[in-house]
Amino acid sequence: MLYVVLFFLMFSLYLYVVLGGADYGAGIIELFSSKENQKITKKTIYRVMGPVWEANHIWIIILIVILWIAFPVYYNIMVVHLHIPLTIILLGVTLRGVAFVFRHYDAVIDNSQKLYDGMFMVSSLITPIFLGIVFGALISGKINIVEDISTLTFYEAFIMPWCNLFSILVGLFFAALCAFLSSVLLIGESTGKNARIYVRKSIIATIIVVLLGLVTFGYGYISGNVFVKDFIRSPLALIAVILSGVLLYPLKRMIKKGNTVWSRSLAGIQVFLILLAAIIAHFPDIIITTNSSVSLIEKIAPDSVIKALGISLIIGGAVILPGLFHLLKSFKMIKILEQNNNTPT
């Protein structure tokens, strides 16, 4: 059952990065657009995200619950040493949700709309940055695990693990990846001039992702980061990254042709390869501390708990996944019908 639990853990992580990341990226694209394009993006975001945006948070909830129940040691290290960035993430998700609702459903149209717009865009940028920072902190080698945490200063225990250049670079990389995902998604949701806007955004986002990836790895290698060095030594991780880079060419062609299905599929595959490379490079020692590593599966919950959790995940997956697919398909059909009704005859 451990493999079942691990599968759902990684599956939830992947879906949140792809679906939740695309949602965050939409706000990032809106933030870094002209005022005219911001209005266009705002309408497009509402039409695309409006019906399903809350559903994407189910994946991070499942991820957290699995870590909490099955991998308590790993979970404890995260929530203790990284409680500051995790709190910022929670605030970002909350403020973003509030802003998204009020900027579309507030009955009073006044200057408060500008406040909601700004809150939505800024939180859409800050939240994925700190999500990336949390992962960067886990592999930065800055977490200092001791028997008595009171022997550490506040800075050593709660600031140093995440407030460092490597973790910040990982955070910026993830935010750029979200913008890339969203731009590819929005291309298929637009036509004509609007679609060309997101084509340009996707090209810019791709360049930023590549550059930030190179800078992050370059700095990690120069600074002696254990994860980066092990990553370079891992043939599977390198192959995954190379394949992700090779897919940029067919992705560019599919975007120019306006092939929505293939462009989104290729973008999803690229993200999968990047995540796969990051995980297999140092699995199961995902947490790298100042003097050692912490294995994800070394101190897990008892077998009875893992078995119960695995069965629950299988049953829950059988219920949730078809329902989510039906939800997405239903709103896709509604959108097609609305477009057909708005087409002049």
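Two residues are in contact when heavy atoms of theirs lie within 4.5 Å. Keep that rule in mind for this predicted model, where local features need pLDDT of at least 70, side-chain atom pairs count only at pLDDT 80 or more, and totals for chains, interfaces and linings use all residues. Residues are numbered from 1 along each chain as its sequence is written, and side-chain values use heavy atoms, with hydrogens and water left out.

Start with the whole protein. It has 14 helices and 2 strands. These are DSSP runs numbered from the N terminus: H or I over at least four residues for helices, E over at least two for strands. Along the principal axes, the C-alpha atoms fill a box of roughly 70 × 45 × 45 Å. Of the 345 residues, 46% are buried, meaning under 20% relative accessible area with a 1.4 Å probe and protein chains only. Now take the contacts with a separation of 6 or more. Residues 24 or more positions apart account for 78% of them.

Next, look at one residue. T289 sits in the loop between β1 (287-288) and β2 (293-294). T289 has a relative accessible area of 5%, so it is buried. Leave out residues up to four places away in sequence, and T289 touches G141, I143, I145 and V294.

Now turn to the helices. Two packed helices are described by the angle between their axes and the distance between the axes. Axes are lines fitted to C-alpha atoms, for helices over the stretch in contact, and angles run from 0 to 180 degrees between N-to-C directions.

Find α12 (residues 248-257) and α13 (residues 260-280). They pack at about 155°, with axes 8 Å apart. The two are therefore roughly antiparallel, the word for angles over 145 degrees. Their crossing is left-handed: the near helix is turned anticlockwise from the far one by less than a right angle. From α12 come L248, P250, L251, M254 and I255; from α13 come W262, S263, L266, A267 and Q270. By class, this contact has 8 nonpolar, 2 polar and no charged residues. Nonpolar covers Ala, Val, Leu, Ile, Met, Phe, Trp, Tyr, Cys and Pro; charged covers Asp, Glu, Lys and Arg; the others, Gly among them, are polar.

Finally, see α6 (residues 112-138) and α8 (residues 165-187). Their axes come within 7 Å and cross at roughly 135°. That makes α6 oblique to α8. The crossing of α6 and α8 is right-handed, with the near helix turned clockwise. Among the residues that meet are L125 and P128 of α6 and F166 and S167 of α8. This contact of α6 with α8 has 14 nonpolar, 4 polar and no charged residues.

Terms used. Angles under 35 degrees count as roughly parallel, over 145 as roughly antiparallel, 65 to 115 as roughly perpendicular and the rest as oblique. Buried means under 20% relative accessible area, exposed over 50%, partly exposed in between (1.4 Å probe, protein chains only).
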